[in-house]
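Visitor: I have a model open and would like a guided look at it. Could you walk me through it?

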Amino acid sequence: MVKKKKLLFVIESLTLAGSEKSLIALLTNLDSDLYDIDLQLFKYGGELERFLPKYVNLLSPLPYTLFARKSFARNLKSFNIKFIKAKITYSLGLRLQKRNHTEIAKLYWKSVKHAFEVQDMKYDVAIAYAQGVPTFYVMDKIKATKKVTWVNANVQFTNYNKSFQKSYYDRYNYIVPVSKVNQEHFTNIFPDLSKKLWLIQDMIDYVNIGEMANLFKPEFKKDTFNLLTVSRLEKGMKGLDITIETCRILRDKEIDFHWYILGKGSFRPEIENYIKINKLEKHLTLLGTSANPYPYFKAADLYVQTSRSESFGISIAEARLLNTPVVTTRFDTVFMQMVDGKNGLVADMNAEAVAEAIIKIIDDNELYNSIVEYLKNEPKVNTETIKRFNAMIKNFISNN
């Protein structure tokens, strides 16, 4: 019998987001006869944890992450000077300067790095399944024969941050982009690291998604056209500001519709305020999160995504899988999935264009039905991701 390879995956959490769903799909489809798998999180209680396969060992929370979640008063009572110093340094850094996501990750790690211990277990392969903190943690605190980091966003770095990031990517055996556009973007930033890139597309678990879509039926409004968006609630890359402005335009044009948004994020208070100011309560509903979003995809008449950038666009893939027509903005990787006019419509990146595309879908029954038929005939099988993953591990073994 071939000895199992000991793998570690590290990701910040298993909340309802694209990379997290992709990881669940990948883990579910890996061969437990080949791999002994541990998973380390930085934050627990995410909606997707319940979908972890039984053969994946979810590791206990790290001591500092437990400490950091407590109130400052309780932190002081602990008398753990190293932890207290780390938390204060990070908190002060956040207040002193406005930063983007990648800069916040760098600030966090530089502030708290010494609060984390090097782990005793040694792995055959350790995998940081996201850029940022998982990438830093795996390199600095995990013992492994080989190390891999995923790059599942088209990230931007300041010159100072770029140098910091490269100091980590330089030391990885492989760097995994999740799309060709993602690969090209990373190569443009770090051209001398191109030989380390190993493309593995995001995994979509077609069988389980189809089954989960039938577990319940959402209470959508009857006798109206129901729109759905599933996204982290953010203005920047996710473009939720475009979403809510589009909603207002549709209402002003007296279109008969109701728009449901599934997800959570820092932009939610602004969305709620926008709904109130523009009196959109009868047209827009924030659903929060659900461990199983797939019945919502299946029940919706149209899936809408207004992203400014995506490494792939997993939610679009899920809508397509469930034969729900799509209207989306013309973000960088959109044509990896979309065939404009065939499986949906691709609009310019502004609310007026998105509203126009939605109205076209609603008004043109022949177009709508042709899109549904096209989706039903799209190929639904995705085995290439597993093949690429297994080939990467095999390549590690052959090079030992």
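Guide: Happy to! This is a predicted model, in which local features need pLDDT of at least 70 and side-chain atom pairs count only at pLDDT 80 or more, while totals for chains, interfaces and linings use all residues. Residues are numbered from 1 along each chain as its sequence is written, and side-chain values use heavy atoms, with hydrogens and water left out.

Visitor: How many helices and strands are there in the protein chain?

Guide: Helices (H or I, at least four residues) and strands (E, at least two) are DSSP runs numbered from the N terminus. Counted that way, the protein chain has 16 helices and 12 strands.

Visitor: What share of the 400 residues is buried?

Guide: Buried means under 20% relative accessible area, exposed over 50%, and partly exposed in between, with a 1.4 Å probe and protein chains only. By that cut-off, the buried share of the 400 residues is 56%.

Visitor: Which residues of helix α8 are buried, and how are they arranged?

Guide: Helix α8 covers residues 180-189, and its buried residues are Asn 182, His 185, Phe 186 and Ile 189. Seen down the axis of α8, they fall within an arc of 95° (taken from the directions from the helix axis to the C-beta atoms), so they line one face of the helix.

Visitor: Which exposed residues sit on the face of α8 turned away from its buried side?

Guide: A helix has a repeat to keep in mind: with 3.6 residues a turn, residues three or four places apart point the same way. On the face of α8 turned away from the buried side, the exposed residues are Lys 180, Glu 184 and Asn 188.

Visitor: In β11, what is the bridge partner of Tyr 303?

Guide: Tyr 303 belongs to strand β10 (residues 302-305), where Tyr 303 and Gln 305 point one way and Leu 302 and Val 304 the other, all of them buried. Strands pair if DSSP finds at least two bridges between them, and three bridges join β10 to β11, which run parallel. The partner of Tyr 303 in β11 is Val 326.

Visitor: Which backbone oxygen does the side chain of Thr 333 reach?

Guide: Thr 333 lies in the loop between β11 (326-329) and β12 (344-347), and counts as buried at 1% relative accessibility. Its contacts (heavy atoms within 4.5 Å), not counting residues up to four places away in sequence, include Ser 179, Val 181 and Phe 312. At 2.7 Å, the side chain of Thr 333 reaches the backbone oxygen of Glu 310.

Note on methods: Polar contact = N/O pair within 3.5 Å; in protein donor to acceptor, adjacent residues only side chain to side chain.
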